[in-house]
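Where do they lie, and which residues line them?

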Amino acid sequence: MRIGILGTGVMAAALAEAWTRHGHHVLVGGRSQDRARAIAERLGGAVEAATPAQVAGAGDAVVVAVAWEGVDQVLALAGAGQGSLAGKTVIDCTNAVDHASGLLELSTGSAVEHIAERAVGSHVVKALHLFAGASWLAPTPTGRPKRTVAMCGDDDAALGVAAGLIRDLGGVPAVIGGLEHARQLEDVAGFVMRLVAAGHDPATAVPVVDRSRE
């Protein structure tokens, strides 16, 4: 599959590297062409530097992996408002969270719904926003379960595409519903940030459910 990544930061680079290990071709482009070229040069032939418009046009699936403040700009550069992403699976892994307070930047709605409004005709899925990008480059530690990737979206085919890419990363996709659940899912990122800031392991804050006893 040809995967387009809108973004040139740590998350974008890590996902590009992880997916190329599974035979995908990745196009990387964002607000900085120099950074896109640096990623492509470091990772080799399966990763191609491109403009945001080329990423939108050539990717079978497109991932939005930029800082929240850059989302509108990179979507505009990609031509999202003119339908460049129409019909495509768009995976949003952004975090619209204030790092100081842990609260969502949007007073209503969700980041993924904001992106869906601007990516005309696309099929947007929220996923991959809770784990640091570099974590996908390391195998799951022995004895620990695979990472569960909670996701939501309104299009079954797009959810299927996203689920396949998550499995390629070594994760387990878990669909929690449609985009009406997106704000709930995005709020988890802030919850995790606040627990870490308070000196606690977020993994211990979620009840362990023994399904064998149900």
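## Basis

The model is predicted, so that local features need pLDDT of at least 70 and side-chain atom pairs count only at pLDDT 80 or more, while totals for chains, interfaces and linings use all residues. Residues are numbered from 1 along each chain as its sequence is written, and side-chain values use heavy atoms, with hydrogens and water left out.

## Cavity

On a 1 Å grid over the protein atoms alone, a cavity is a set of points where a 1.4 Å probe fits but cannot get out, whereas a pocket is an open set with protein on both sides within 12 Å along at least five of seven lines; lining residues have an atom within 4 Å of a point. Points are joined across faces, edges and corners, and a volume is the space filled by probe spheres set on them.

## Largest pocket

The largest pocket has a volume of about 780 Å³. Its lining comprises 18 residues, of which Phe-131, Arg-144, Thr-148, Pro-202 and Ala-203 are the closest to the centre.

## Second largest pocket

The second largest pocket contains about 580 Å³ of space. Among its 29 lining residues, Met-11, Ala-65, Val-66, Ala-67 and Cys-93 lie nearest the centre.
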